[in-house]
Amino acid sequence: MRELDFTRSAALFEKARSLIPGGVNSPVRSFNSVGGQPVFVKRGRGARIFDEDGNSYIDYVCSWGPLIFGHAHRRIVAAAKAALEAGTTFGACTAGEVTLAEMIVAAVPSVEMVRLVNSGTEAVMSAIRLARGFTRRDKIIKFEGCYHGHSDSLLAKAGSGIATLGMPDSAGVPPNLTVDTITLPYNNPEAVRATAALHGKSIACIVVEAVAGNMGVVLPKPGFLETLRQVASEHGIVLIFDEVITGFRLSYGGAQERFGVAADLTTLGKIIGGGLPMGAYGGRREIMEFVAPSGPVYQAGTLSGNPLAVAAGIETLSMLKEPGIYDKLEKKGAALADGLLEAAAAAGVAAQTGRVGSMFTLFFTENEVTDYASARTSDAARYAGFFRGMLERGFYLAPSQFEAGFVSTAHSKKDIADTVAAARAVLGETTAAG
Ligand SMILES: *Cc1c(COP(=O)(O)O)cnc(C)c1O
């Protein structure tokens with residue numbers, strides 16, 4: 001097998017570490033939990049990325065979810081180019097914002113009005129403020145291992161980078177700011193009922209990843225989302241589905257369309273910006289009317305709804321409307337997840353897959369993964385070896401056991417078959433080596 005050359009990446013990382021904390025602009029990009037140093041990406045095309053040393057990889061990170069059509073899709077590039085040439089930002093109203101809002105409202109039935117922001121973090125932070133303003137209550141319920149961005153009140157038992165680093169929580173968050181955050185185990189409807197029975201009148205919202213993607217992919221058990229809906233309605237609690245990953249990924253109407261449960265507020269991000277920075281929150285008109293300037297809950301943004309991200313977003317959503325896209329993504333996702341599971345079985349390695357549509361995780365554990373505690377039973381050292389073996393063969397997976405992988409429309413059947421074949425080889429090797 002060829003040995004990859006990482007000379008330029010290594011030199012860049014050396015310099016980056018002296019200039020940027022940990023050498024990265026977001027902790028999930030670090031290779032800390034898989035050993036070694038990150039590769040520096042130079043460009044992407046379709047399903048592939050190319051690094052600074054000229055190595056190329058089939059990419060299953062896809063920028064952590066936005067790139068449902070793969071890298072540098074010609075139509076999205078053209079739309080962004082046209083917007084770029086007309087001026088990137090005005091801090092004033094543009095027609096594109098109205099078009100994109102109309103598309104989002106048409107796509108997600110529970111969303112009657114929507115506000116555009118610049119990131120998923122901003123979207124969830126704003127939705128929570130809105131739920132608190134609307135209900136005049138302070139407490140929020142979130143779930144262990146779910147990540148909702150890095151705003152203060154949500155950094156309690158959060159997944160993603162926090163889980164990867166094995167951090168309990170973040171420093172710098174005063175206890176005052178999380179005393180109203182109640183964290184419950186995912187997929188445990190009894191815990192939700194019991195908490196609502198005790199504190200129902202002071203709970204502003206329940207915020208949940210309708211499919212968890214930030215402790216690895218963990219599906220809601222049948223009845224879990226329905227229970228959340230029921231409890232929220234009974235107690236006047238705002239139900240927030242954080243669909244920053246699942247929105248426009250699991251179906252055109254997101255997880256709520258796929259599972260048939262409606263939220264009061266929905267947060268979006270990743271795919272809706274077509275690969276440029278964007279987030280959004282939306283929901284029932286009576287709640288959204290509470291947002292300034294129509295209501296008393298303040299939220300603003302200099303670059304919110306900027307023409308560049310909006311143009312890329314509109315083009316992406318238009319392309320997603322074409323018939324058959326989600327069927328194709330489902331088939332590719334299933335082929336990959338099934339193939340990986342078979343590869344593990346052939347090598348005698350205990351594994352589970354969490355998968356829905358085109359998002360997946362291969363967990364190295366013999367336990368069924370239904371929540372954060374069971375996800376944590378995975379063998380992170382085994383994952384690190386798997387990750388490195390795959391990287392050396394030209395397959396770029398998430399550098400953490402506790403993250404989702406993504407398949408795009410650009411991944412071909414051959415790409416997936418090659419990935420499965422490589423996984424067989426890597427897993428066979430690591431078991432042989434003990
Ligand atoms: C990525 C993510 C966020 C945060 O979005 P950013 O754009 O990174 O701020 C929030 N919620 C979920 C479910 C996410 O996956």
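How many salt bridges does a search of the whole structure find? I take that up in the first point, with the reminder that this is a predicted model.

1. **Salt bridges.** The search of the whole structure turns up 12 salt bridges. One worth a look joins the side chains of Arg75 and Glu322, with 3.1 Å from N to O. Arg75 belongs to helix H2 (residues 74–85), while Glu322 sits in the loop between helix H10 (307–320) and helix H11 (325–346), so this pair ties together parts that are 247 residues apart in sequence. As background, side chains of opposite charge can pair when their charged atoms come close.

2. **The ligand's surroundings.** Which residues surround the ligand? They are Ser119, Gly120, Thr121, Tyr147, His148, Gly149, Glu209, Asn214, Asp242, Val244, Ile245 and Lys270. By class, this shell holds three nonpolar, six polar and three charged residues.

3. Thr121 has a side-chain N or O atom 2.6 Å from an oxygen atom of the ligand. Asp242 places a side-chain N or O atom 2.7 Å from a nitrogen atom of the ligand. For Lys270, a polar side-chain atom lies 2.7 Å from an oxygen atom of the ligand. Taken alone, the ligand would expose 380 Å², and the protein buries 83% of that.

4. **The second largest pocket.** Its volume is about 740 Å³. The lining has 31 residues, and those closest to the centre of the pocket are Glu97, Val114, Arg115, Leu116 and Pro293. Two elements give two or more residues to this lining, namely helix H3 (95–107) and strand S4 (113–117). The lining divides into 17 nonpolar, 10 polar and four charged residues.

5. The peptide bond from Ala292 to Pro293 is cis, and its omega is near 5°. Pro293 itself is found in the loop between helix H9 (285–288) and H10.

6. Is phi of Ala72 positive or negative? It is positive, near 50°, in a residue other than glycine. Ala72 lies in the loop between strand S3 (56–59) and H2. For context on this point and the previous one, most residues other than glycine have a negative phi, and most peptide bonds are trans.

7. **Cavities.** The count comes to two cavities of 30 Å³ or more. The largest cavity has a volume of about 110 Å³. Its lining consists of 14 residues, and Phe360, Thr361, Leu362, Tyr383 and Leu397 lie nearest the centre. Strand S12 (359–363) and helix H13 (380–392) are the elements that give two or more residues to this lining. S12 provides the largest share, three residues. By class, the lining of the largest cavity has nine nonpolar, four polar and one charged residue.

Terms used:
Residues are numbered from 1 along each chain as its sequence is written. This is a predicted model: local features need pLDDT of at least 70, side-chain atom pairs count only at pLDDT 80 or more; totals for chains, interfaces and linings use all residues. Side-chain values use heavy atoms; hydrogens and water are left out. A residue is near a molecule or strand if one of its heavy atoms lies within 4 Å of it. A polar contact is a pair of N or O atoms within 3.5 Å; within protein, one must be able to donate a hydrogen and the other to accept it, and residues adjacent in sequence count only if both atoms are side-chain atoms. Accessible areas come from the Shrake-Rupley method with a 1.4 Å probe; for residues, only the protein chains shown count as cover. Ala, Val, Leu, Ile, Met, Phe, Trp, Tyr, Cys and Pro count as nonpolar, Asp, Glu, Lys and Arg as charged, and the others, Gly among them, as polar. On a 1 Å grid over the protein atoms alone, a cavity is a set of points where a 1.4 Å probe fits but cannot get out, and a pocket is an open set with protein on both sides within 12 Å along at least five of seven lines; lining residues have an atom within 4 Å of a point. Grid points are joined across faces, edges and corners, and a volume is the space filled by probe spheres set on the points. Helices (H or I, at least four residues) and strands (E, at least two) are DSSP runs, numbered from the N terminus. A salt bridge is a side-chain nitrogen of Lys or Arg within 4 Å of a carboxyl oxygen of Asp or Glu.
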